[in-house]
Amino acid sequence: MSLSVTSLASGSSGNAFLVQAGPHALLVEAGLSARAIERHLRQRGVDLATLGAIVVSHEHHDHVQGAGALARRYGVPIVCSAGTERAMANEWKGLEIRHLGTTGVTIEGVDLWGFDLPHDAEEPMGILLAYAERTIGLATDLGTVPVHLPACLAQADLVIVECNHDRELMGASGYPVPIQRRILSERGHLDNLAAARLLEQIGKDGRARTVWLAHLSERANHHPRGVLRVVRTYLEMADVKCLSLHVAERDRPSTTWSSAQQLMFDGF
């Protein structure tokens, strides 16, 4: 059975990833409108009746905008932390909620786990998703790298990690000072070099993985090619050569990963 992931959008204006696990589809983050998500899925030949769950990392608008409407329309559960459920209690009243946590939950044969992240939300979580002996790890919206994070993401064949901003560009971004302080705080967003250092820790074992650099800032970061150059240069200097880097772009579908690709990447 195959596993594939498509980035539909990744950034402060909306995040959404389509996961196709055999005959079933899951949505990881639903930060676009329900109508936009439906359009993207239909364009990819996904029958909305096969949608098994909507998994969200936390309650901010760019991660949950379409979650409630889609859950009602298609009768599917939302998978999130207990804290996220509390934060969305009014909007999600009457919906089926299943909790994401370290004990794990299984939906349509897909195993899901959560792990804590430092962000200014009620109970934000990173996400691990496993199916058919392949694992996806997602960690966006985090201000610093907690001690447990490298080991969590090291389990993954596809690592989706925040590469939000260049600290030197932040001052010229035009963001008001309070927003800059929030982004740069320990519960804000991860900068390019911090993301590169995290990937260095993950990649030191020499295992081949695909990495998506995600949640790039529109104003306080380079063009996607520039972000790739910064991270790639750092990893080359650290002698980490096993990671295949790509960018999950803002506001539009961009990159796709599949377990079949991974088999080729592994050298089979």
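**Hairpins, cores and charged pairs in a predicted model**

Strand 2 and strand 3 make a hairpin with two residues between them, and Gly22 in the turn has a positive phi of about 60°. (Helices, H or I of at least four residues, and strands, E of at least two, are DSSP runs numbered from the N terminus.) This is a predicted model, so local features need pLDDT of at least 70 and side-chain atom pairs count only at pLDDT 80 or more, while totals for chains, interfaces and linings use all residues. Residues are numbered from 1 along each chain as its sequence is written, and side-chain values use heavy atoms, with hydrogens and water left out.

Strand 2 and strand 3 (residues 24-30) run antiparallel and are joined by six bridges; two strands pair if DSSP finds at least two bridges between them. Leu18 has Leu27 of strand 3 as its bridge partner. How enclosed is strand 2? Five of the six residues of strand 2 (residues 16-21) are buried, so the strand is largely enclosed by the rest of the structure. Buried means under 20% relative accessible area, exposed over 50%, and partly exposed in between (1.4 Å probe, protein chains only).

Next come the nonpolar cores, which are sets of buried Ala, Val, Leu, Ile, Met, Phe, Trp, Tyr and Cys residues joined through side-chain atoms within 4.5 Å. The largest has 32 residues, and Leu199 and Leu213 touch the most other members. Helix 8 gives the most, with six. Leaving aside residues up to four places away in sequence, Leu199 touches Val159, Val161, Val211, Leu213, Val231, Leu235, Leu243 and Leu245, where contact means heavy atoms within 4.5 Å. Apart from this core lies another, of 28 residues, with Ala30, Ala71, Ile78 and Ile97 among them.

Thr84 sits in helix 4 (residues 82-87). Thr84 counts as buried, at 0% relative accessibility. Its contacts, again not counting residues up to four places away in sequence, are Val56, Ser57, His58, Glu59, Trp92 and Glu123.

What about disulfides? A disulfide is a pair of cysteine sulfur atoms within 2.5 Å, and the count comes to zero. The sulfur of Cys152 is 18 Å from the closest cysteine sulfur, in Cys242, which is too far for a bond.

Side chains of opposite charge can pair when their charged atoms come close. Counting a salt bridge as a side-chain nitrogen of Lys or Arg within 4 Å of a carboxyl oxygen of Asp or Glu, there are 11 salt bridges. One joins Asp191 and Arg167 (3.7 Å, N to O). Asp191 lies in the loop between helix 7 (177-184) and helix 8, and Arg167 in helix 6 (residues 167-170), so the pair ties together parts that are 24 residues apart in sequence. Asp191 is buried, at 11%, whereas Arg167 is partly exposed, at 49%. Arg209 pairs with Asp205, their closest N and O atoms being 2.8 Å apart.
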